[in-house]
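User: I am new to reading protein models and would like to learn how a few features are described. Could you take me through them one at a time?

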Amino acid sequence: MIELKDIYRTYQIGESPVRALRGVSLSVCKGEFIAIMGASGSGKSSLLHILGLLDKPDRGDYLLSGRNVKTMSEDELASLRNNVAGFVFQQFHLLKRMSITDNVRLPHIYSGRKGDFRKEAIERLATVGLQDRLDHSPNQLSGGEQQRAAIARALVRDPLMIFADEPTGNLDSKNSAEIMHILKRLHEEGKTIIMVTHENDIAAYADRIIIMRDGQILSDERKSGCEIPEQDADNGVDVRADLKISLWRNGRFSGFLLQALQSMLSNKVRSFLSVLGILVGVASVIAMMALGEGAKASMQEQLKSMGSNLLSVRGGSAKIRGATQGAGAVTRFTLRDVADIAALSSVVKRAAGTVSGSAQLVYANNNWSTSLDGVGIQYGDMRSSIPSVGRWFTTDEIGKREKVAIIGVTVVKELFGNTNPVGKTIKINRINFKVIGVAPAKGFAGHRDADDVVMIPVSTAMYRVLGKDYLDRIYVEAASPSLIDAAKTVVGQVIRKRHRLKESDESFSIRDMTEIQQMMTSTTETMSLLLGSIAAISLVVGGIGIMNIMLVSVTERTREIGLRKAIGARKSDIMLQFIVESVGMTLTGGLIGIAAGAGVSWALSVFAGWSVKTSLFSVLLATTFSMLIGLFFGLWPARKAADLKPVEALRYE
């Protein structure tokens, strides 16, 4: 079954080479019980590790059922360890965070077979007399019971060979005898057992004793009367390895998830601190993007009030004898200008003239100073000012210079409190006006409160309140966005023609309001991106924290990694194990961070009065980014764990 030919193995410890095996040749038949003895440093454990497929020789050939082990890949060796070899270690190597039942069925995670195998684990525990300790943790067992649990784990995959490294080294004489009786019974059932020991009374249970010294076999003796098992075709071992075990098939991935959860729960404080970094990062991303989206939505509402495709025409600031005159000092617009501009139907949709001034409002015992706008009939639609309560002016009211007013919500609050103002009479600069509507809320536009305003018909403002015979501004709405430039050109030509102005005359200006909209939109988007980027930095910092924790975890769990490899875990299995843990922590932090970020956004909205809007995109972005952070920063520790050699990992102090 096993044949070693001239095996050499040298280890490098620091700068000094240690020649553990020197030309060892050995044959093992199926069904043998072999004890390997020798002083410390004789090479017996190194020989056992090579026989058990945990290590490879530097020179020589290891034939397992005729196939040379040296030509096998790491994954093939792992598959063989899972199927044909069971290991019993002196240090037991039971995972403390699991019950002994879960410890025993651990090899099945790497088998690729379907099922949870709890029944098989219980049967094996009953075989070694632990049927009453199924849900106990290793810390709740005595040394002898832990070793029996380790034997049950070695048997759960029904291997052909059992390798025991000082199985009684940490036990008293009574427990040692119990363990050896179990191994003897297994031998009688047909198992091949290869054991390392330095005790003669333990070696006495074996049928064949090999004594080593200085990396060589000193003697190889069988007991008198012991029959040598016959080598025949049935003594071979199927050394074909299944390298195409699916990750998703037979519950393998769910097994890794359970392992990751147990690992995180076994170090609750450290896991929480790791998750905290991601939690803060995700919460920051959610809150910052909610602030940005809220500001963007608020800005869009303000932009709506500016109107679309809008041009603002106002008198320019001209210089006369070197002195700069005020706006409108040269060109003064009239209602006829508005009519002529509105007549440009090919490029202009509508136009409205306005005049501005200040007003003192009085209602009952309340008075308030505010801005006054005299507006035309088209102004309401052009500037999104149609009242939310009440109505807009009529053409007849504007033509007859009626004393009617529409007031902003700030004015309503100051003069009327919670009372409906529609139908009430107020004084504007000592003139009685009837309130016919309340303008929709617009918030602040720059430094000015856009809701602190009273609007009256433009004709009433010019001739009854402000005493002006000219307009301060004309708003022009282009027929479409593509005609804005054409509208600017045509409107300029009309004004120059009507007022007999030269091309070089700068006594009026036409401003494209869409440019302001684009600038404000661009600024808001830039701020949102900036806030999100700043928050994302905390996610990266959290990811670095996860990587540090995972690297520490790899170091702390080096022996566990060695155990997993010894029972059949491949490199990809170990990598996946640690990546799942890393992604699991970041995803957990991400999900909690989403709730925290939404909570922070709500608090900012309620207590600070800020405009916030939590979007699905920000939630998906933060969640996805947190998973990618876990994957990226977990990859290096996972690779480091996967590259560990089984023997080196098991020997790690």
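Analyst: Helices (H or I, at least four residues) and strands (E, at least two) are DSSP runs, numbered from the N terminus. This is a predicted model, in which local features need pLDDT of at least 70 and side-chain atom pairs count only at pLDDT 80 or more, while totals for chains, interfaces and linings use all residues. Residues are numbered from 1 along each chain as its sequence is written, and side-chain values use heavy atoms, with hydrogens and water left out.

User: Where is arginine 500 placed, and what is the value of its phi?

Analyst: Most residues other than glycine have a negative phi. Arginine 500, in the loop between helix H15 (484-499) and strand S24 (508-512), has a phi near 55°, a positive value in a residue other than glycine. Serine 384 also has a positive phi, near 50°, and its place is in the loop between helix H11 (379-382) and strand S16 (389-390).

User: Is arginine 500 buried or exposed?

Analyst: Buried means under 20% relative accessible area, exposed over 50%, and partly exposed in between, with a 1.4 Å probe and protein chains only. Arginine 500 has a relative accessibility of 75%, so it counts as exposed, whereas serine 384, at 35%, counts as partly exposed. Histidine 499, which is found in helix H15, is partly exposed because its relative accessible area is 22%. Threonine 410, in helix H13 (residues 409-416), has a relative accessible area of 17% and is therefore buried.

User: How should I read the angle at which helix H18 and helix H19 cross?

Analyst: Axes are lines fitted to C-alpha atoms, for helices over the stretch in contact, and angles run from 0 to 180 degrees between N-to-C directions. Angles under 35 degrees count as roughly parallel, over 145 as roughly antiparallel, 65 to 115 as roughly perpendicular and the rest as oblique. The axes of H18 (residues 571-607) and H19 (residues 616-642) come within 7 Å and cross at roughly 150°, which means that H18 is roughly antiparallel to H19. By class, their contact has 15 nonpolar, seven polar and two charged residues; here Ala, Val, Leu, Ile, Met, Phe, Trp, Tyr, Cys and Pro count as nonpolar, Asp, Glu, Lys and Arg as charged, and the others, Gly among them, as polar. The axes of helix H17 (residues 558-566) and H18 come within 10 Å and cross at roughly 140°, so H17 is oblique to H18.

User: Which residues touch the most other members of the largest nonpolar core?

Analyst: A nonpolar core is a set of buried Ala, Val, Leu, Ile, Met, Phe, Trp, Tyr and Cys residues joined through side-chain atoms within 4.5 Å. The largest one has 75 residues, of which Ile2, Ile36, Leu47 and Leu51 touch the most other members. H18 gives the most to this core, with nine residues. Because domain 1 (2-230) and domain 2 (256-300 + 518-651) both give residues to this core, it lies between them; the domain bounds come from an automatic or database domain assignment.
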